[in-house]
Amino acid sequence: MLDQLSLYPRITHTRTSVSLDGMWHFRFDPESIGEQEKWMDHMDSSISIPVPSSFADLFTDQYSKNYCGDFWYETDFFVPKTENCRTMLRFGSITHRGTVYVNGVKITEHEGGFLPVIGDITDVVKPGEFNHLAVKANNELNESSLPCGSVKTLQNGTKLAFPYFDFFNYSGIQRSVYLIQIPDEHIQDYSAVSSLSGNDADVAYEVITNGEHEVRVSLFDADGNKVAESSGKKGTLHVENAHLWNVRKAYLYNLCIQIVDGEKVIDEYMERYGIRTVEIKGTKILVNGNPVYLKGFGKHEDFDIIGRGFNWPLVKRDFECMKWTNANCFRTSHYPYAEEWYQFADEEGFLIIDEVAAVGMMRSTRNFAVAGTGNYTYFFETPTVPALLKNHLLQVEEMIERDKNHASVFAFSLFNEPETTSTYAHDYFSKVFERARELDPQHRPMTGAFEKNSAPEKCQCYMLVDFMCLNRYYGWYISGGPEISDAIYKFHDEMQRWQAKKLNVPFVFTEFGTDTLATEHKLPSVMWAQEYQNEYLEENFKVFDTYDFIQGELVWNFADFQTTEGIMRVNGNKKGVFTRERQPKDAAFTFRKRWENK
Ligand code: GCB
């Protein structure tokens, strides 16, 4: 357990947190000379850069956009006081890896670009003065990084990222940075698990602190009335006539955790908390005991200029668009998103399949096209696998630790489209699933998204998941355009083969869709025209509606998004139901109508 990893920065009676977002200094370090030249102390010839943001789309030149290698950030921040508290820095993420220095001293280093980086800087900060913060980051991909990929060096020496995945390798300090001050004796982490009995609920909690003083936990309803109270590091809050957090009808309580010494409050942490249960029963997904059909999207953190940089207005707009389509769910394809997405999903009653950045576990820079060809790339048979597994386990741990208390998170996805047809893959993923199940206090369903090679007869990993997630493109990558009738025939054939296995678990489509240009209309339809996207969807819906074990449809993708350049991508992936600017294509109206009563 990492101190403060899962605790989002909050201001309470005993805690402060100050955003360090703004314009910082920045410099590329293609020769990796920064450390030797002591850039952690000071960087010459730096340029200004906004935090948070990806760096790629801020510039006007090709080199900066596609830069791959080391790069540095620096800023100065004022610390008013340091007595009787711990002072910490918390980055929402540094993509893909980072080393943090304060006043020239190395504080921490972190691998993985989509989870928080935390450093205790108490012993190195100077009170009443400006302090110097430097970050050395790196965005290279390899076969033991999550996500997976490689680096290609051009003849002129320029390095380029070669992702084994279909989204642009946006990098940088893409999420907010906070300076946090908390008491010496403090709350390090907590978990809370709800169970229901009749109209009442019990919330079993566990609080971890670094001291021995008493812990007091209270629950307040939305009007601010205290409805339950308990003491001790472990305990239960009994809530009479509990208001449940329901899908698209959220109710959130306020949970208040205190460390107390008599009447004195030593530390205090507060968070919104939704009371709900999730469970898989036979082929049904149950929330509070009621079946839910998942309607929604695979998404990306992706927008013009800011890339994967966190932006509240974008969160708001995306939720408004999702609500307009009558959706109730999304998958954080293909990495854990900024925490604010989950907070807002808690408020709006959206369900989330929370995915770790285990994508690209198939040796191909066009995995979207290779999936389905049957090509086998020996991914889980190479010497890098132990290092990959170590990373994978660590990031699953950090993701579950960070996201475990969100009502919106109803399942964790531990992979997207790896090679699953070998016993090597089975051994690898058995370890990942075993670890994830140990870690989640809520015992949520665990899953992963399977591509087409993971067929019922060949897949060695489907038995590991609690519900099946299939990514299928019948009518796009397979038998598209005028061949769509064949595609649907093949689709039914595959579903019947799954049905014959009698797995007795829900199946959810976590991807299906067509690239569609918002500018294109054509009668009769052709691939890439809006009419084809709609026809494809209607044909796919007929398949979904045939099998009662199909319990959800998350279309690929919510919006058009940026990818690596290539002949299969027209300035990015155009499978959005919305454009990259978040305006509806015709398909958005199709979903709005279908999901109204589904
Ligand atoms: C997939 C991948 C996703 C791609 C998508 C596509 O199977 O999981 O990352 O973007 O296909 O559009 O090809």
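Domain 2 and domain 3 bury about 1400 Å² between them, and carbon and sulfur atoms give 50% of that area. Trp245, Arg248 and Arg276 supply 44% of what domain 2 buries against domain 3, more than any other three residues. The structure is a predicted model.

**Domain 2 against domain 3**

The domain assignment divides the protein into domain 1 (16-183), domain 2 (187-277) and domain 3 (293-595). The C-alpha centres of domain 2 and domain 3 are 34 Å apart, and their contact takes 16 residues from domain 2 and 21 residues from domain 3.

| Interface of domain 2 and domain 3 | Value |
|---|---|
| Area buried | about 1400 Å² |
| Salt bridges | 2 |
| Residue pairs in polar contact (both at pLDDT 80 or more) | 12 |

On the side of domain 2 that touches domain 3, the elements giving two or more residues are β13 (187-197) and β19 (264-273). Of the elements on that side, β13 gives the most, with 5 residues. A salt bridge joins the side chains of Lys404 and Asp189, at 2.9 Å from N to O.

In soluble globular proteins, nonpolar side chains tend to be buried together. Here the largest nonpolar core has 94 residues, and Met361, Phe429 and Met495 have the most contacts inside it. At least three of its residues come from each of domain 1 (16-183) and domain 3 (293-595). Apart from this core lies another, of 31 residues, including Met88, Ala201, Val215 and Tyr251.

Which residues does Met361 contact, leaving aside neighbours within four places in sequence? Among them are Leu146, Cys148, Phe379, Phe380, Leu388, Tyr428 and Phe429. The contacts of Met361 also include His392, Pro418 and Glu419.

**Asn169**

Asn169 sits in the loop between β11 (159-163) and β12 (177-183). Is Asn169 buried or exposed? Its relative accessible area is 9%, so Asn169 counts as buried, the cut-off being under 20%. A polar atom of the Asn169 side chain lies 3.1 Å from the backbone oxygen of Asn139. Not counting residues up to four places away in sequence, Asn169 touches His96, Asn139, Leu141, Ala161 and Pro163.

Terms used. Residues numbered from 1 in each chain as written. Predicted model: local features only at pLDDT ≥ 70, side-chain atom pairs only at ≥ 80, totals over all residues. Heavy atoms only, no water. Core = buried A, V, L, I, M, F, W, Y, C linked by side-chain atoms within 4.5 Å. Buried < 20%, exposed > 50% of the residue type's maximum accessible area, 1.4 Å probe, protein only. Domains from an automatic or database assignment. Contact = heavy atoms within 4.5 Å. Buried area = accessible area lost by both parts, 1.4 Å probe. Salt bridge = Lys/Arg side-chain N within 4 Å of Asp/Glu carboxyl O. Polar contact = N/O pair within 3.5 Å; in protein donor to acceptor, adjacent residues only side chain to side chain. Helix = DSSP H or I, 4+ residues; strand = E, 2+ residues; numbered from the N terminus.
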